[in-house]
Structure formats: C-alpha cells, structure tokens
Amino acid sequence: MTDEGGSFHPLRLDAPREEVLARAAGLIGDAWRSFDHARPEEPPLDERLGALLGAALPERPSPALEALGDAARILDESIAQPRPRYFAYIGSSGLEIGAVADALAACYDVNLAVYAAAATEIETQAVRWLAEFVGYPAGFGEFTSGGTVSNTTALAAARERALPGTRLEGMGGIRAAVYCSQEAHYSVARAVEVLGIGSRHLRALPIDGQRRLRPEAVAGAIDRDRADGIMPVAVVATAGTTLTGAVDPIDSLADVCAERGVWLHVDGAYGLPAAAVPSRAHLFAGLERADSVSIDAHKWLYLPKACGVVMVRHTRDLVSAFAHEQGYLPHQGRALHAVDTTLEYSRPFRALKVWLAFRAHGAAAFREAIERNLHQAELLYQEVARHDDLEALAPPQLSTVPFRHVQAGVVDPSAHNAALADALQADGRVYVAAAEVDGAAYLRPCFVNYRTTDEDVLALVDVVREVGGRLAGGGR
Ligand SMILES: Cc1ncc(COP(=O)(O)O)c(C=O)c1O
C-alpha cells in the first residue's frame, strides 16, 4: 500500500490502500455468505495451495491482491468452526460483528498491558456486562486468551491466598492440593503443574449418575489431605464439562468450601452462558458464592477466538498474585497497571468484540441464540431415540449430546464409532469428532453455533446413519 500521507517506508504494498481494503471486504463478504449454509463437502487441498506450500521465503514482493486471494484460498481450504454443520469439540461461530471488532482493534493495536484510556475503561465495562449477563457479582475481571489462561490465573490467585508468599518463595516442598471432577478440563491439570502444585496432587474425584462432581467426595478428600498435612488450595467446579456438558453442583460445593475456608473456582469456559437463560439458570445456583469464575466468549457467546474472561469477587486476590514493580513500568500516578493483575503482559483489545456485540445485538438476542442451541441438543436427543441404530449416552444437560451408532452385527461398537468419526470427517458433509466416555467411543456433537439450524441437526442424524450403516457393512 503506498503511504498516502506521502512518507516513504520499506513496507509499502503495490496496490492503493482503498483497493486492498475493498478486496478484503469482498473476501469477508464471500466467507460470511459461504457460512450461511452448509457446503456439500470439505474441498481437498488444491494444486495452487500445493505450489504455495513448496515456496521458499519470498525475498521480493508479490502483488498484494494476488497474495490476498491466496490467503482467502487457504482459509477456504481450512476446517472452519463457523460452518453450521461443524459439531466437533466446542466450536465457535466467528460472530460477524466480532470479526469486524477484531479488524478494527487490530488496526489500533492498543496494548492492554498498561492503562490504555478508553480501551481500559471499556474492558472494565465489558467484564461488568458479562458478569451481569451470567449473574456473578464480580469485583473485578479481565480478558484472557481463553479458559486455560483464565483457570491458571484463578488458581494462581487461590494458591497465593492459601499459601501467602509462595509466588516469591516457591513451593519449597510444601504439599498442596486442588480438587475437581474426574471430568474437569485438562487445563486445570496444566495449571496445577505450572503452579508447582503438581498434577499428582490434583484430586480428580468421582462423579454421580449425572456425571457431576460429588460434594461429599470433595469434603472427604479435603479433610483427609488436611489430616495428612497437605494444604487445600482450591476446589474447581466445572459448569459444563467438555465431555458431556454436566454442571457440577456449585451451591453444595460452595458449602463444602465455606465450611473449610477453601477457594471455589467455577470453570464455566464452555457452559456458563447458559446461566443467563431461564431454562437452565437453576443449574448454576450458588455461582455468586464462587471466589473466581472463567467464561469463554469464544465458545458459547459466538465471538471469534481468542476471548476468555476470568472474574474474581475481590480484586485484591489478583493483586496479591501478580502485582510487581519493574523499572520499565514504574507505577507513577497510577496505582495499578493491568499487568499487576494479569498473567499475560501484552494483551490485545479483546473486550471490544464483546462490548460491540452486546451493543449491536443486545443481551436478549444472545439468550435467544443460546436457547436455540439448547433446543437443538434436545432435538438431536429425540431424533436419536427414534432410531434403533442410534443410542444416546443420556439426556443433555446443556448443548452436548454424546451418542453412537449401534447397528446389529457390529462386534465392537467402540471401534466402529471411532472409525465412524474418521469416516464422517472424510465424507465432509458434517464435521463431528469422537470422544471416549467410560472407555467407549461416542460421537460427541456440541451445539454452540448460532448459524446451526434444526435442518442441520437432522442432517447430522441422516449422515451418521448412512455412513455408519455403510461402514458396518449393512448399507442403508
Ligand atoms: C470446561 C473447559 N475449560 C477450559 C477449556 C480451555 O479453554 P481454551 O481452549 O479457551 O483455553 C475448555 C475448552 O474446551 C473447556 O471446555
């Protein structure tokens, strides 16, 4: 882009700024149109891409518009979660206004490591809006790259409260423990490892018939550890497990924690947005009693990655864990920099997309979209029940519905369903992954995309039965 301000610098493009922008806007429009409906298959990587992949580091420039076209081709040949029949893992939707916010924020490239005037104030407001949306009385919160960093941040604060001074002295042989369900997300184990507590001291405890952490198991484990001289650091309640969407009983866990003076963290990275809708709010009773909470806007709030939020009841807990003084960041008149409460240093202006999305759509539209996904999970569960060759694990608690293909004559249903997930991905009409539940492979669709329609849910059932039947040798 020539510098239309007239100054000369080495990083100029060969096309005028407005032309590059117009082309980029056209490509974004193409992408959005292509996400409006499912496509019949995932395209194979083509020859042009093959040639690009073989290219060495370019010393000389290519025409900017040609390079942009290639970038669009790469994206089109990538597996994109915003497509309406992407049901694997916990996807995201790349909400359009969120993508626009990201483009704008990237232009200004504000750094939220330190006070950034309006951006800092909007980050505070966006946290407040999110807290209000899910009903958590946050004293403070901040944007992170996602659930992993949010959980680590919260557990760092919990460790410092349980063992003051550990951030300076290290664990020095102190034995400490964290308690969670056996189906908590791996990021909890990772946090415990990097915090020096050690994943051997992560008590991954038994679950009940609805796959929820048992409060009495937590109470017993804490009491046993205390008797053995092991310091309990935190209990992690998962509000929407990654595997099945189970919501741990937050209120009862809060009782266990309150009686024992232990930090309660709620990992709502996936499920917490459902606390905002009337049909599921009761599952999250007691949320207001948690010391900290994680929620990912890049999951069930439809925004583009990476956009997590960690909230705490008391600001001082994050300050105790992260505040510091460095010559290159003197505090001067300002009491705290953002880096005095965050794990990250440089942070992009992630809050803008949440703020703009709530402004442009209103909270009611988000509640409606979440209810629609919950309805789609119910619809899938009912459809599965209608067919003899399908079997669901259990009624959905949120928007995840593990189920499997169970055609007569299949000797090893687990191997069959693992192979079926591969076959479905190769087929390309729907994208679903396998997951292991109680040692058996299930297909595990999760509905967190606002573009998914009921028709897409019915298509999932049809394609699974067709491909599953063929794979089992029976055809259909
Ligand atoms: C319950 C839960 N916690 C944490 C995470 C990790 O989130 P991220 O991938 O944003 O780091 C996930 C991811 O799926 C999750 O489901």
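You will find A117 in the loop between α4 (96-108) and α5 (118-134), where helices (H or I, at least four residues) and strands (E, at least two) are DSSP runs numbered from the N terminus. The phi of A117 is near 55°, a positive value in a residue other than glycine.

Before going further, note that this is a predicted model, in which local features need pLDDT of at least 70 and side-chain atom pairs count only at pLDDT 80 or more, while totals for chains, interfaces and linings use all residues. Residues are numbered from 1 along each chain as its sequence is written.

Next select R211, which sits in the loop between β3 and α9 and also has a positive phi, about 65°, although it is not a glycine. Is R211 buried or exposed? It is buried, with 22 other C-beta atoms within 10 Å.

From there, move on to α9 and select residues 215-227, a helix of 13 residues that reaches 18 Å from its first C-alpha to its last, close to the 18 Å expected at 1.5 Å a residue (the expected span is 1.5 Å times one less than the number of residues). Colour P215, V218, A219, A221 and I222, which are the buried residues of α9. If you look down the axis of α9, these buried residues fall within an arc of 165°, so they line one face of the helix; the arc is that of the directions from the helix axis to the C-beta atoms. Just after α9, G229 takes a positive phi of about 80°.

For another backbone feature, select K305 and A306, whose peptide bond is cis, with omega near 0°; A306 lies in the loop between β6 (292-296) and β7 (308-312).

Finally, select the ligand, which is surrounded by 13 residues, the closest being G146, G147, T148, H185 and A269; a residue is near a molecule if its C-beta atom, placed from the backbone, lies within 6 Å of it.

Notes:
A residue is buried if 20 or more other C-beta atoms lie within 10 Å of its own, exposed if 12 or fewer, and partly exposed in between; C-beta atoms are placed from the backbone.
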